[in-house]
Amino acid sequence: MSEILRSDALPSASPSLSGPQPVRFRGGGFTVRRHPWAALAAFAVLIGLWEGASRIGLASPLFLPPPSAVGAALSVMVTDGSLWLNLKASLGRIAVGWTLGTLGGMLVGFAMGIGSLARAVGVPLVSAFFPIPKIALLPLFILWFGIGEPSKFATIGFGVFFPTVIATYSAIDSVPRNLIRMAQSFGLPWRSILRSIVLPGALPGILAGFRISSSIALILVVAAEMIGAEYGIGAFVLMAGNLMQTDTLLAGVLVLSLMGLTIGTLLSLLERRLLKWR
Amino acid sequence: MSFTTWTRRAVLGGLTATLAATALPALAQTLEKSSVGVLALSSSGPIFIAKAKGYFAKEGLDVELKMFTSAQQVPVAVASGDVDFGVTGLTAGFYNLAAKGAVTIVAAQSRDEPGFPLSAYVATNAAYEAGLTKPSDLKGKRIAITTVGSTFHYMIGILGQKYGFTVKDVTMVPLQDVPKMVSAFKGGQVDAILAPSTVSRQVVADGAGKIVGWAGDETPWQLGALFTGPKTIQQRRPVVEKFIRAYKTALAEYHAAFNAKDSSGALVKGPGYDELVAIIAEATKQKPEIVTAGLPYADPQAKLLIDDVVNQVKFWQSEGQVDKTLEPKSVMDLSFVGQ
């Protein structure tokens, strides 16, 4: 082993004697490069395979409607205006429910991150309430909030609240302690420690929590619209499922995932803006 | 396969099976395997009776009962080939599967018939006091149902056809399942619900509302059917014939025991009443007194109310929930029940 090392070392050592030598950059092994077309190409190949399988009769149109049928169902939704109607209803519910849940969650999360009493009370409570499936509580939500919009806001709000609490509280927990201690030893007032150290330090974690909670809001809008909703993407998907209109069902699911993609992109923009200081 | 071949084979098969079942128990494994998807409800009674009393075995079939929890799942299971036959209520989802050539009605199941309390219109106390005292008053009210395209949705549709209003004249509130419906009803969120007899009676016993009528008395209709896949009819016609023969034997017994009326029109216990109630109670895992409270009417010959099924298809088409190109008569093949 040492023999080899020495013989390797020799040739590299001798040219270095004869002046500076350009060194190849070896650190770029896992650097992320942008491949804007790769994702699109992957989607195109997948959709092509799917359509092809349907065309040659490998997949029955009942069990797996081809993309062309899904597209046709989607274009019907666009032309008869039902897409906009359903989208408007669902986006309104998501916006209100998510905002309520997030505000409440951040408030409680902050309290738990900063105050040790709040943490002592909050951690076991969150652990106890978080795993309750909100769907199981729907009959109770109907009794408490009725079948109008409030019960839908509540379903989404409760679903969003707990992940936000956990994300906020652990984000504050992971703000580097030495920074806080340094500020304290410099005699910085409590409020400016919070504003210039804790808040910016916790922001990446809180924003990551937004990413999760916005997806949860999208999942729960379907559950929320099980409660007597006339319009909404969730109600639309449920109805298509009940009627066994599989192409319409997939069109609705496609709209849901496009909503997810849009919200994800918006959050990325927000992240880039708010986390510029990094 | 010609007509005569399968008849002979069916007859021979039936004979062999009868022999096997009666004289030669050692040959019992020659029974042809088949399966049926059912809900654990009294309306599936004839299937439970045919299984428990060995009518399927007598026809040479080893029929496995697969339990499902909602009417939507059974035709899907038939379409995917998980079960050969299915018996449940007819929904818009069923007709959409029929439109795609996945299921075909071959015989009748239970139907809503005057004098048989199956599904009730229940009004909340507040709505009752405000004047919702008979089914025709439901026009303009908020009614909770399970889902869009369900049997309850159709019941509101035919009630409207009878009293001259359309589904647009009522506010249907789809709540997906019965617990949520009861919850909305008790919370006063709706004026009325359309619910199965057991649920309706429970709601009334809780003092939450009043029954203002029964769908059977107002609008008799074909609630459910026995169906199979068109492929099964093509490739295993003898199995379908044997299955329906056994089903009809049980159906006739069911009808005689539960649907008999005396001269005044009141229901009376027919022959074998207690034995059949015990079979159904065992299969549905319910108490006998609950079973006897909701035994639906079934035609003894398994004959279908064809006009009503045609009306159902047309209703769903007018609601835009079933493909308009579906020819109503194409959803059924009633050659097995001689209709």
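Which residue, with a positive phi, follows helix 2 of chain B? Helix 2 of chain B is followed by B:G54, whose phi is positive, near 75°.

The model is predicted: local features need pLDDT of at least 70, side-chain atom pairs count only at pLDDT 80 or more, and totals for chains, interfaces and linings use all residues. Residues are numbered from 1 along each chain as its sequence is written, while chains are lettered from A and ligands numbered from 1 in the order in which they are written.

View 1. Helix 2 spans residues 45-52 of chain B and is largely enclosed by the rest of the structure, because 7 of its 8 residues are buried (20 or more other C-beta atoms, placed from the backbone, within 10 Å of the residue's own). Among the buried residues are B:I47, B:F48 and B:K51. Helices are DSSP runs of H or I with at least four residues, and strands are runs of E with at least two, numbered from the N terminus.

**View 2. The side of chain A that touches chain B.** The contact takes 15 residues from chain A and 23 residues from chain B, where contact requires C-beta atoms, placed from the backbone, to lie within 7 Å. Helix 6 (138-145) and helix 10 (233-242) of chain A each supply at least two residues of this side. Helix 6 of chain A gives the most, with 4 residues.

**View 3. The fold of chain B.** Chain B comprises 15 helices and 12 strands. Its C-alpha trace spans about 70 × 45 × 35 Å along the principal axes. Of the 339 residues of chain B, 52% count as buried.

Terms used: A residue is buried if 20 or more other C-beta atoms lie within 10 Å of its own, exposed if 12 or fewer, and partly exposed in between; C-beta atoms are placed from the backbone. Two residues are in contact if their C-beta atoms, placed from the backbone, lie within 7 Å.
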